[in-house]
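Welcome! Take a look at it first, and then read on.

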Amino acid sequence: MDIASSPLEAFTPPPWHGYRGDPSDPAPFDRPKGLTVAVSREAGARGWSISQLVGKGLGWQVFDQEQLDSLVRDEQARASLLAGIPAGARHWADAQLSRLGRDRVLAVGPAATEVARLLLTVAARGEVVLVGRGAGFLLPPETTVHVRIVAPLEERVGYVGQWLRLTRDEASAEVKTRDHRRSLFLSHLLGRDPSETNRYDLVLNSSRLGEETCADLIVQAARAKRLEPEVGDPFLPDAG
């Protein structure tokens with residue numbers, strides 16, 4: 001019964017001792033199950049390998065661009081992955097998608113909406129590392145550690161050339177193509193520019209810091225920015 005809409009005399013408080021009556025259903029808990037790390041990266045800056053180290057350090061699952069695109073297409077795989085998400089976390093994902101629509105963050109069209117829906121629902125599971133697909137621009141900052149991995153162009157070209165066994169000219173063209181494609185994705189689907197540094201929690205130069213140090217800094221940021229427990233949080237372990 002809604003106390004606010006009822007006469008005061010109709011409300012009888014439960015006794016202080018003994019039987020306190022049947023408990024009412026708890027309200028949906030409107031938040032994700034845990035934090036998400038979202039990694040944006042320049043081509044050849046070793047963002048994927050750093051993300052793998054972050055996932056290992058935190059014990060979280062890592063999703064790259066290809067896995068996310070596959071989940072968008074494969075309804076059965078998506079349903080299996082998301083089956084364990086609590087109702088409150090799903091409610092949070094739906095509310096965030098509505099917010100993005102109201103704030104006109106998404107470009108018009110079903111492609112942007114489907115990408116956003118998947119990212120938000122995966123993030124609702126919590127304790128995941130999402131690589132690419134503009135995740136950090138879509139997810140709310142209070143539940144996300146948004147990271148940008150950068151490196152000097154020459155070093156990125158050298159890394160891609162070694163990784164794909166390309167000549168220097170071929171590797172340079174490949175890096176520029178990938179950077180351009182990622183920038184277009186963010187611009188067309190989300191209206192965002194990856195060079196907006198104030199959109200990130202961390203911008204890390206993998207050339208100067210190295211992969212392990214970059215990963216360690218992201219792990220520390222995730223632990224420092226953990227979601228604070230709230231009274232009645234159903235995601236907290238039992239005290240006993």
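**An arginine over a ring**

In this predicted model, the charged end of R133 sits over the ring of F185, 4.2 Å from its centre.

**Around R133**
- You will find R133 in the loop between β3 (128-131) and α6 (135-138).
- R133 has a relative accessible area of 17%, under the 20% cut-off, so the residue is buried.
- Its side chain also makes a polar contact with the side chain of D69, at 2.8 Å.
- Leaving aside neighbours within four places in sequence, R133 is in contact with Q65, L68, D69, V115, L119, L138 and F185.

**Helix α4**
- Helix α4 (residues 87-102) has 16 residues, which at 1.5 Å a residue should span 22 Å; the end C-alpha atoms are 23 Å apart, which agrees.
- The buried residues of this helix are G88, A89, W92, A93, Q96, L97 and L100.

**Aromatic pairs**
- How many aromatic pairs does a search of the whole structure find? There are 2.
- One of them is F137 with Y200, an edge-to-face pair with 5.8 Å centre to centre and 75° between the planes.
- That pair links distant parts of the chain, 63 residues apart: F137 is in helix α6, and Y200 is in the loop between α8 (168-190) and β5 (202-205).
- Both F137 and Y200 are buried.
- The rings of Y159 and W163 have centres 6.4 Å apart and planes at 25°, so this pair is stacked.
- Y159 and W163 both lie in helix α7 (residues 153-164), 4 residues apart, or about one turn of the helix.
- Y159 is partly exposed, with a relative accessible area of 23%.

How values were computed:
Residues numbered from 1 in each chain as written. Predicted model: local features only at pLDDT ≥ 70, side-chain atom pairs only at ≥ 80, totals over all residues. Heavy atoms only, no water. Helix = DSSP H or I, 4+ residues; strand = E, 2+ residues; numbered from the N terminus. Buried < 20%, exposed > 50% of the residue type's maximum accessible area, 1.4 Å probe, protein only. Polar contact = N/O pair within 3.5 Å; in protein donor to acceptor, adjacent residues only side chain to side chain. Contact = heavy atoms within 4.5 Å. Expected span 1.5 Å × (residues − 1). Phe/Tyr/Trp six-rings, centres within 6.5 Å; stacked < 30°, edge-to-face > 60°. Lys NZ or Arg CZ within 6 Å of the ring centre and 35° of its normal.
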